[in-house]
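Hi everyone, thanks for coming.

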Amino acid sequence: MPRQVIIDAGHGGYDNGAVYNDRKEKDDNLALALAVGEILAKNGVEVAYTRTSDIYQSPTEKARIANSLGGDLFVSLHRNSSQVPNTYSGVQSLIYSKGGLKEEAADEINDELEDLGFQNLGIALRPDLIVLRRTQMPAVLVEAGFINTDEDNRIFDTRFGKVAEAIADGIMEALKDAPADRHYFVQVGLFRQYNNALNLQNQLLQDGFESVIIKAGEYYTVLVGGFQSYEQAAAIERALSARGYETLIVMR
């Protein structure tokens, strides 16, 4: 089965993240998330995003979206910052605890980015971060250079495509031999246009159902759930059907 990676663009909306001159971390994060996701999708990896536009989500909401998908790996993309500009430089990956796919992915991503010219600051344990603590799948937070260090920004901007490729390559290398963990979902819609999928997602939310939109090839799929058992998915399917939704249970 194809692997699924959930890409989180850190911050968003009124939460700019770190700011340096006119540069906002939330914008760098989103651009990088979309670029990494595109590369993964072209290589057969199923990709879902916590956000694809400039909207605010709390860290708890980001974790909840990820958990509803039940993906193989959660990757949150950020830029680092320091109190004094041009003081520190380099990339670093944060994980909840040592071991397993999360540490392997963090190590692979750091190594790939180091090859582009970033200093490798290694892996740090951050069990206090909600997006690492509350996600139910292996999770990595990548600090792709310091946003208030000119040299890191030079690499980020002039080699942006390579930065995205390095992160995607690190993810795919870590996923190679990792065991897959699949879940049951209720598919409620399949669209060519993203706005149609978004409209359905908003309608589901009004009816009390949280859902996610996954890009699969040229289609956008609207999914509810992320259950370990078929019986759980079937119960939600019945509830959705009672509301008039067209449903299909799928395993991802």
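Let's begin with Lys176, which is exposed at 56% relative accessibility. By exposed I mean over 50% relative accessible area, while buried is under 20% and partly exposed is in between, using a 1.4 Å probe and protein chains only. Lys176 forms a salt bridge with Glu173, and their closest N and O atoms are 3.2 Å apart. The term salt bridge here stands for a side-chain nitrogen of Lys or Arg within 4 Å of a carboxyl oxygen of Asp or Glu. Elsewhere, salt bridges with shared partners join Arg23, Asp28, Arg79 and Asp157 into one network. Please keep Arg79 in mind.

A quick word on where this comes from. This is a predicted model, so local features need pLDDT of at least 70 and side-chain atom pairs count only at pLDDT 80 or more, though totals for chains, interfaces and linings use all residues. Residues are numbered from 1 along each chain as its sequence is written, and side-chain values use heavy atoms, with hydrogens and water left out.

Back to the charges. How many salt bridges does a search of the whole structure find? The search gives 12. One of them pairs the side chains of Lys26 and Asp54, at 2.9 Å from N to O. Lys26 sits in helix α1 (residues 25-42) and Asp54 in the loop between β4 (46-49) and α2 (59-69), so this pair ties together parts that are 28 residues apart in sequence. Helices (H or I, at least four residues) and strands (E, at least two) are DSSP runs, numbered from the N terminus. Lys26 is buried, at 7% relative accessible area, whereas Asp54 is partly exposed, at 41%.

Another salt bridge joins Glu103 to Lys98, with the closest N and O atoms 2.9 Å apart. Glu103 is partly exposed at 22%, and Lys98 is exposed at 58%.

Now for the rings. The structure holds four aromatic pairs. In one of them, the centres of Phe156 and Phe160 are 5.5 Å apart and the planes are at 65°, so the pair is edge-to-face. For Phe, Tyr and Trp (its six-membered ring), a pair needs centres within 6.5 Å; planes under 30 degrees apart are stacked, over 60 edge-to-face and the rest tilted. Phe156 is buried, at 2%, while Phe160 is partly exposed, at 24%.

And here Arg79 returns: Arg79 lies over the face of Phe156, 4.2 Å from the ring centre. That label requires NZ of Lys or CZ of Arg within 6 Å of the ring centre and within 35 degrees of the ring normal.
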